[in-house]
Each structure stands twice: as C-alpha cells, then as structure tokens.
Amino acid sequence: MILLFYWVFLIGFGAVTSYFFVNQYGLSQASYIIAAAVLTQIIFPILYLLKSRRKMKDKNLFTEKLKQEIEKYSQEAAMKEKDGLRGQYQGTMEQLLEKVLPIWANHIENSQSQTENAITALTMRFKKMVGILDKAIGASESAVSLVSGKDEKTLQDVYEKSKESFKKEMRQLKKEQLVIKKMISRFSELGNIVEELRMMAEDIEKVAEKTRLLALNASIEAARSGEAGRGFAVVAEGVTNLSELSAHTSKNMTEKITTISETMGEALSAAKEAADQNMASGKSSKLTLRETLIRLRQVMDTLIELESILNDESKQVKNEINEVMVFFQFSDRVSQILHHVHDNMREFYYHLMRIEENETKEEVLDFQKWLDNMLQSYTTEEQKMAHFGQKIEEKRTSEVTFFD
Amino acid sequence: MKEKILIVDDDSTIRSLIKITLTGAGYDVYEAEDGLEALSNLRKNKFDLIMLDVNMPNLDGISCAAKVQSEADYSINQKTPIVMLTVESDDEMKQRGKRAGVRAWITKPFLPDILINVVQKFL
C-alpha cells in the first residue's frame, strides 16, 4: 500500500519535474534528465521493494520470536505464580496435616483400642463361662457319685435300679398275699362243712336217744302183754340195737369231726404262720422300700443342691452373656469412627486434587473450618474426646431417656 | 399372640444382638437395614413397637420417625411407640428425636435387661 502511494507520488513528481526540465533546457537535454529520473523512479522502488521484503521477513521472525518469548515468560510467570500458590498451599497443608493427622491417629488408636479391649474382654468372658460350665458339670458328676452304686453312672441309673428293686419286692409281696388269701378262703369253706357235719351228728344222736326211749317203752309194753307181746319184744330189741348203733355212729362222727377240727386248727395255725412270714416279708419289703426311699431322698437332696448351684451358675452365665453382648457392640462404635475417618480422608484427598487443579484457594486455606466440620460430624462423645486428644473412658452402661 | 417389633440398624451385629435379646423375651422381631427399608415395611405391616438407630445410610432414624408420625402412608403405625437405640447422646439430637415423635432414647452400648425393661414399659 505504501509502495503504491510512493509510486503515485513519484509519477506525479516525475511529471511535474519533466515538464519543468523540458521548458527550461529543451527536449533533448531534458530527455536525459527525465530518463535518469524515470530509471531512478523504477530502480528505487525495486530496491525499496526488495528491502521491504527483507524487512517483512525479519519482522515476522521477530514477531514469532516475541510471541514465543511472551509465551515463555507467561508460562514462567504462571509457574512462578503456581509455585508461589503451591508453596502457600503447602504451608497451609502442613499446618492442617499437623492438626488432622494426630486426630486421625487418635481415632484409629481409639478404634484399635476398643477392638482389642472388646476381644480381650470377650475372650475372658468366654473363658469364665467355660469355667462355670466345668464347675457345673463337676458338681453334677460328684452328686451322682455320692448317691450311685457300682453300675450306676447317672441319676437315671440310680432311679432305674431303685424302681426295678421296688417292683420286684412288690411282685413278691403280692404273690404271697394271694396264696394266703386263697388258703384262708378254703379254710373258711371247710369250717362251714365241719359245722354242718357236727350238727348232723347231733341230730343222729338225738334220733338214737329217742329211738332208745321208744324201744324201752316197747319192751315194757311187750313184757306187760305177755306171750302176745313176745314178737313185739323182738322188734323192740332190734330197735334198741339200731339206737345203740346210731349212737355209736354219732359218737364216731363226733370224734372224726373233732379230729378234722383239730387238723383244721393246725392248718389254720400254719396259715397264720404263713401270714406271719408274709408280714415278715412285708417288713423286709418295707425295709427295702425304706432304703430305696432313703436313696431317692439323697438323690433329691443332691438334686436340690445341684439345682441351687446350677441356678447360681446360670445367673453368672447370664450376667456373663449380658457382658458379652455389651462388648460385641464395639463393632458398631468402631465402624462409625472408622467411617468418619474414611470420609474425612477422602474429602481431604478431593481437596488436594482441587489444589492440584488450582480450582479453589480460600476453602483449603481455612483449615480451622475444616477442623470445625470434623468436630461437627462426630456422633459419639469418645470421638470428640479423641479429637482433642483427651483420655477416653470406656462407656459400659446405657442411658435411657423417656419423653412421655 | 406375640407382639411384633421392627428393629432398624445398619450394623448387622447390633441387629443380631437386639434380635437375640427380644426374641428371648418372647417378642416377634423383624429387621430392616436402614430408614428406607423400614418405611417400606411400615407402609404394609402393623407393628407394636419400632426401634431405630439414628445414623444410617439412605435415611436416618429421626427422619424415618418423623415420616411415620406425619405421613398418611404409615397411618397403621402412627400410634406405634418409637424407641431410638443409638450411640448419639447429644441433648440437641434427643430433642430432635422428641419433636419427631420418639418416646424413648437408649444409648449404646445397651444392656439386654435395660432393653427389655424399656420394651416392657410400652408393651
């Protein structure tokens, strides 16, 4: 563009000067001057053009270089600024880490301590329960050995053996009682028959007595009748003989009945003796029964004592189980503490990433705000205590609040 | 008939311990892992008592209690007593619970006998 103006200017200037030289010196002399001027006008722009092109090239190179330099300076400045910020952040991070790391360490230490304490306590409790159960088993075994015999290993064995012995005695007793009852029943029947026989013998004796009186009267009447009564006297004599025979038979019967009666008496005595023996046997059974009852009483006493021991030990085991259940709850507390530490560390990591990306400045620099947020996020008193590095007291009892 | 209790806690060990304790005391125990699962259960089934933890994922115990007490979807359980069982012992938190309709607040770790006593007070 400049060159175009230049050429327009030169052409205009050349035309004016040519006109001046032609008028002043004539055409022949002026033509040399004009020719020289034209040549000058052509050469000079060409030279200028060539020079301009060189200048342009140099200018472009310079611009490019300048751009590079600016970019380099910009980058260096940015790096310096970033390094400055980073240094500033690092300082803040160091301060924050100085505060936060001991808190995280406290929380983790607290969790670890709770875990170890709970596991130790649980182990101790289980050991104690095993001890109580061993004691209970020992008490049961010694109780059995106190009351049991050779072949009796358990209280059930003692009971079964006593039951068998008792049943045997009862069976024997029942058997003997049955025999005696039967015998007495038979004797009773025989007694009735003997009584009937005795009455019959008495009747025969009465008949014989009356027949004898009748025969005596007949003999008297026959003697008074004389010859006519001779035949009648023979009959009377026969009747007398019959009467004597009846009396004799009656006497024999009475004797036999007496004998039977005496034999029955002896048999009855034997029966009584059997009854006495049965009584003795009953006494023996009673003795066996008493012994069995004494043993059962011992078993009962032992069981009562054992029950008392087991009751006490069951209460102890129940208390131990309650304690175990309390200690098992450490997992919930530890889980919450570690969950908070985990969230806090993750948030911290995100902040570091944001610093790296140079996105945030103020938020990261305010480490006190960070610590306050940590404090607000806690759910338990022990976390707050750990935050301030205070000694944590183990919490063992639950508190209950009613809102009614 | 056994009384039905819904226990809501994200910690499976705690749920097991509560279940052992209350089942042993003669109650019928149902479980939920968080507030949302509890609400799904409370929408359909009537319970005699609800036991909630405070800090749980998805929906915390106090928000769950407030929803049960105020929303029509849970009308069958609006008279059901709600008991919180939590490690939180902060008074402000307890007051939030009270405003949400909670009837009792038990702090962990709990003793089984105390838990049973509190439940027996309401059932």
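**A walk through the predicted model**

S111(A) sits in helix α2 of chain A, residues 27-147; helices here are DSSP runs of H or I with at least four residues, strands are E runs of at least two, and both are numbered from the N terminus. This is a predicted model, in which local features need pLDDT of at least 70 and side-chain atom pairs count only at pLDDT 80 or more, while totals for chains, interfaces and linings use all residues. Residues are numbered from 1 along each chain as its sequence is written, chains are lettered from A and ligands numbered from 1 in the order in which they are written, and side-chain values use heavy atoms, leaving out hydrogens and water.

S111(A) counts as buried because its relative accessibility is 3%; buried means under 20% relative accessible area, exposed over 50%, and partly exposed in between, with a 1.4 Å probe and protein chains only. Apart from neighbours within four places in sequence, S111(A) contacts V334(A), I337(A) and L338(A), where contact means heavy atoms within 4.5 Å.

In chain B, D91(B) belongs to helix α4, residues 91-99. With 55% relative accessibility, D91(B) is classed as exposed. A surface patch of negative charge brings together D91(B), D90(B), E92(B) and E381(A). Patches take residues with over 30% relative accessible area and no salt bridge, joining like charges within 9 Å and nonpolar side chains (Val, Leu, Ile, Met, Phe, Trp, Tyr) within 5 Å. A salt bridge is a side-chain nitrogen of Lys or Arg within 4 Å of a carboxyl oxygen of Asp or Glu.

Two backbone features remain. N58(B), in the loop between β3 (49-52) and α3 (61-70) of chain B, has a positive phi near 70° without being glycine. N58(B) is exposed, at 61% relative accessible area. The peptide bond between K108(B) and P109(B) is cis, with omega about 0°, and P109(B) lies in the loop between β5 (104-107) and α5 (112-122) of chain B.

Notes:
Areas by Shrake-Rupley, 256 points an atom, 1.4 Å probe, with all protein chains shown as cover. Lys, Arg positive; Asp, Glu negative; His and termini not counted. Charge placed at Lys NZ, Arg CZ, Asp CG, Glu CD.
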